[in-house]
Amino acid sequence: PARPASVPQPSRAAARAPADEARPGRSLQAVAENMPVVVFEQRVGPDERIAYDYVSPGMREVYGVEARLLQSNPDMLFEMVYPDDRKRVRAEFSQAWRSGEDLDTEYRIVAQDGTVKWVHNLARAARGRRGEARIWDGIVLDVTAQKAAEHELHAAKNEAQMTSRMKAEFLANVSHELRTPLNAIIGFAEIISEQSYGPVGVDKYVEYARDIHDSADHLLAVVNDILDLSKIEAGRATLVLEDVEATELVDSCLRLIHGRAANARLQLRRHIQDGLPRLRVDPLKIKQVLINLLANSIKFTRPGGTVTLRAAATDEGGLTLAVIDTGIGIPEQDLSTAIESYGQVGSLSGDRTEGTGLGLPLAKALTELHGGQLTIRSVPGKGTTVSVTLPPGCVSPARRTEA
């Protein structure tokens, strides 16, 4: 039987013929010619000599020159690249042409009127039979405005970070200066209230001295919290690691807070898992975390309620310490505010409670300083659970070996 005649295929040149029936992408070209971007099709030879088969009129808007000039002088594209970027851009184009990989790069150009612009060049290769790249279709966009916005955002971010560091360092310095006179006030008030050098003679003065002592002691605690939080924010906090028994650490915190819970007419409960691991932590800072969390729970729990301290090993080999209360709770929309530095949320009645808003942020910062994580779950009117999870790295190496 006779072999069927092969169907003649149109050449690439025929595909670009001006006749409408030979240009199936004519409507797409019409879109390209009305957009403020450069759309191009180029041919690249083995010697990396280029020729442009098509360049959209957007060349005039982006580069400030007519498209026909680029077609008559293909090297113009590189000649208009900003001098400091020219070597890099040429290397990126050459690498793409040799490998046939897509080109995606940004660089500066000097437009015809001398304006420096940022452009984004995207090009894709149409491969030949042996995989070599011959034809490239691409687009060049003017991204000068986006670059300017990115620069402003980056500058604003850097300025905000610098301001935050300066604030943290200022607070740390001021707090340090306040501690010395406060310690003197506390010491002298204690001497007077205890009448160490003889009777004062007037009972009211003794009462006032006790008030001065208690107020100064409270103020010193606030200053210490500010100092600690500022040191962490300024990146100046350090850990003094020691091996401690987790159970002993937890029990010492409960003993310190017991009197406060009793005065608030609350039940203080202890749920400690047997055989807790020996920890490798800064014990003073972990105690500070737990006491802050326990004090918060006591402050926000009504008389007759309960505050529970729970400790248990995690499946990953770390330790979780949780403070659970039956207090007023925190609305979901206020949870993020509660853990922000100096953030404070109001009570359910809308009144702000006494305090500086440093307890939770400081506990979170000290936990993260150990590589741990602090999480909060709360239901308004039912209570709050704050969990501190310490990673396996906070467990003493000897105990990890035993495990």
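## Angles and overall make-up

An angle between two elements is taken between their N-to-C directions and runs from 0 to 180 degrees, with axes fitted to C-alpha atoms. On that basis, helix α12, residues 359-369, runs at about 145 degrees to strand β11 and lies across β11 and β12.

The model is predicted. Its secondary structure consists of 13 helices and twelve strands. The protein has 403 residues, of which 37% are buried. Among contacts with a separation of 6 or more, 60% are between residues 24 or more positions apart. The exposed surface comes to about 23700 Å², and carbon and sulfur atoms supply 53% of that area.

## The five-stranded sheet

Five strands make an open sheet with mixed pairing, in the order β7-β9-β10-β12-β11. At the edges are β7 (267-272) and β11 (373-379), each of which pairs on one side only. From one strand to the next, the twist averages 15 degrees.

Strand β7 runs parallel to β9, and six bridges join the two. Within this pair, I272 stands opposite A311 of β9. Strand β9 (residues 306-313) is in turn joined to β10 by seven bridges, and these two strands run antiparallel. Here A313 faces L319 of β10 as its opposite residue. The two strands form a hairpin with five residues between them, and G317 in the turn has a positive phi of about 100 degrees.

On to the next pair: β10 and β12 (residues 383-390) also have seven bridges and run antiparallel. L321 has V388 of β12 as its bridge partner. How enclosed is strand β10? Five of the seven residues in β10 (residues 319-325) are buried, so the strand is largely enclosed by the rest of the structure.

With 17 residues, α10 reaches 24 Å from its first C-alpha to its last, close to the 24 Å expected at 1.5 Å a residue. The helix is mostly covered, as twelve of its 17 residues are buried. The buried residues of α10 include P283, I286, V289, L290, L293, L294 and I298, and also the residues Q288, N292, N296 and S297.

Helix α12 holds T367. Is T367 buried or exposed? The relative accessible area of T367 is 1%, under the 20% limit, so T367 counts as buried. Beyond its neighbours within four places in sequence, T367 is in contact with V289, G372, Q373, L374 and V388.

## Nonpolar cores

In soluble globular proteins, nonpolar side chains tend to be buried together. In this model the largest nonpolar core has 45 residues. Which of its members touch the most other members? They are V250, L279, L290, L293, L294 and L321. A second, separate core has 29 residues, including I50, M80, L103 and V140.

L290 links several of the parts described above. Leaving aside neighbours within four places in sequence, L290 is in contact with L249, V250, C253, L309 and L321. Of these, V250 and L321 are, with L290, among the residues that touch the most other members of the largest core.

How values were computed:
Residues numbered from 1 in each chain as written. Predicted model: local features only at pLDDT ≥ 70, side-chain atom pairs only at ≥ 80, totals over all residues. Heavy atoms only, no water. Helix = DSSP H or I, 4+ residues; strand = E, 2+ residues; numbered from the N terminus. Buried < 20%, exposed > 50% of the residue type's maximum accessible area, 1.4 Å probe, protein only. Contact = heavy atoms within 4.5 Å. Areas by Shrake-Rupley, 256 points an atom, 1.4 Å probe, with all protein chains shown as cover. Core = buried A, V, L, I, M, F, W, Y, C linked by side-chain atoms within 4.5 Å. Pairing = 2+ DSSP bridges. Expected span 1.5 Å × (residues − 1).
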